[in-house]
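Me: I would like to learn how to read a ligand site and the strands beside it. Please take one feature at a time.

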Amino acid sequence: MSTLPIITLPAQASSSDGCEGTSTGSLEVATLNSDDLAAAASGDSASDVVKTQAGTALSPDEQGAPGQRDHNGKLYIETVGCQMNMLDSELVVAALRREGYELTSQPDDADTILFNTCSVREHAEHKIYSALGRLKHARKQRPQQVIGVMGCMAQKDQSLIFDRAPHVDIVVGTGQMAEIPGLIKNARKDRERALAVSLDRKAGTRREVSASFQSYDPLREPEMRPSPYQAFVRIMFGCDKFCTYCVVPMTRGPEQSRLPSEILAEVAHLAGQGVKEVTLLGQTVNSYKCVENGKTWRLSDLLAAMHETPGMLRFKFVTSYPRDMTDDLLMALRDLPKCSHYIHVPLQHGCDDVLSRMKRGYTTAHYREMHQRIKEYLPHSAVSSDFIVGFCGETEESHQKSLEAIREYRFKNSFIFKYSERPGTKAQSLFRDDIPDDVKKRRNQELLELQNEISEEDNAAFIGREVEVLVEGPSKNAIKKADSSLKEQLTGRTRCDRIVVFDGNPRLAGSLAQVVVHDVTPTTLVGSILTREVQHGSSSLLPILV
Ligand code: 5AD
Ligand code: SF4
């Protein structure tokens, strides 16, 4: 295991002048640079370096029984961003629950508050800084409280977070999540601030930088997952594509694939806990490549191996990169019945000039060729995309090409984003963010409306058809109503990832059900269940009244 660049800082007096203010100049961390971090990483920093081993659990003595400890044991965590962040939060919560913490949905109740952050767009960062600002006064009344900022914004802004929100105690980057329990404990005990981040991409050799972004995927406990039947498994972390608009290569570090043996053990472990559906995660998940014991593993090999796991019903993966959609992967999806026929493979833009400025590494012709191959191997598959509108220099004509692409590919759905200039990206230094916000908004709306029309039309083709649904549990409506009646609205997904809602017994959760569709919206199929008896789990046949 590598030595971690963790630097502790003396706590600043809490009379500081506000969250949004500029630096008070009193923080020693303001001078922290990549040399400090490199020195800390190599273990010979003159700085005050604290090292905590990943997964180190505090003994019950250290932790304190509820009556003895110096905090109320309540943890509030807010997560912004992608599935990677959801997984990281789940793992951090699991580690803290093992140490006696319990979750609360009320920040006012919590002596420990964590924000798991996203830096992909500025708006996501604003939300976090505003939330931090709201905590400033309450923090003064609670000297025992620890506030932590973790994830992408922590890695990107580092000590700037202490400048903007001086009441924050710990800042923990994406590669240092395992340190969180120890850092919280130290922060509470010594009232010292701590910054735990990985090396800058240019602060060392690739090996050194990669090592500073630790994989954090300890084995989990079933009750930590949002749904007992579904789990995320990270197979890669980091990204080397360096699209000009994107901060992820900086915030998540170099692309690294996890060992197949580790991944397969995690999947088997999850199956043993009753998980039925695994979603494999990676920034460019289909670029997965790892050599273990002389054998090169690609995503297709991983899927084939995990397909044998008893009890598992479905495998999905997100997010794919268009140039790495190889035939072996498409054949695996065609031949392995538990694989979802859903591929999220972002085009980002319909115009070659824009794609080139984005440095996406492909043209619209490449994407078309890839899309044709998907449809040849998997004629009934669903493809979805991300789009960015208002990227630097986007003309009305180039925007029209994104609309044309949505018409051409008839994506199941598209995630559409207004371009947000990000510090440290190539786009920021090379181009001017020259599209006014009202134009970005209008273009966003145009893409959204067209996509919704297409989604609704394509969903309508399902009316009268029977679909196989992996049941997830009560729908959002049912949860809101908290209806205790036996029959309630359930939700699940088809093999192509279409959301289906229907009335049924909540005990169907985690099993496959046949549903006939009788109505649709752009996002949802509405149906009635046909199944009378379902196989629940791998070994028992349970008759379920539907
Ligand atoms: N501005 C807007 N959208 C962005 N994305 C990534 N970076 C930016 C940015 N600077 C979008 C891309 C990516 C998705 C996760 O977020 O579409 O696929
Ligand atoms: Fe960002 Fe591009 Fe990497 Fe996706 S592939 S994470 S958009 S740099």
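Reply: A polar contact is a pair of N or O atoms within 3.5 Å; within protein, one must be able to donate a hydrogen and the other to accept it, and residues adjacent in sequence count only if both atoms are side-chain atoms. In this predicted model, a nitrogen atom of ligand 1 lies 3.0 Å from a polar backbone atom of Y245. Local features need pLDDT of at least 70, side-chain atom pairs pLDDT 80 or more, while totals for chains, interfaces and linings use all residues. Residues are numbered from 1 along each chain, chains are lettered from A and ligands numbered from 1 in written order, and side-chain values use heavy atoms, without hydrogens and water.

Me: Which atoms of ligand 1 do the side chains of R121 and Q348 approach?

Reply: Oxygen atoms: a polar side-chain atom of R121 is 3.0 Å from one, and a polar side-chain atom of Q348 is 2.7 Å from one. Accessible areas use the Shrake-Rupley method with a 1.4 Å probe; ligand 1 alone exposes 400 Å², of which the protein buries 85%.

Me: Which strands each supply at least two residues of the shell around ligand 1?

Reply: Strands are DSSP runs (E, at least two residues), numbered from the N terminus. Here they are β16 (382-389) and β17 (414-418). Residues around the ligand have a heavy atom within 4 Å of it; among them are D386, I388, F417 and K418.

Me: How many bridges join β16 to β17?

Reply: Two strands pair if DSSP finds at least two bridges between them. β16 and β17 run parallel and share 5 bridges; S385 has S414 in β17 as its bridge partner.

Conventions: Helices (H or I, at least four residues) and strands (E, at least two) are DSSP runs, numbered from the N terminus.
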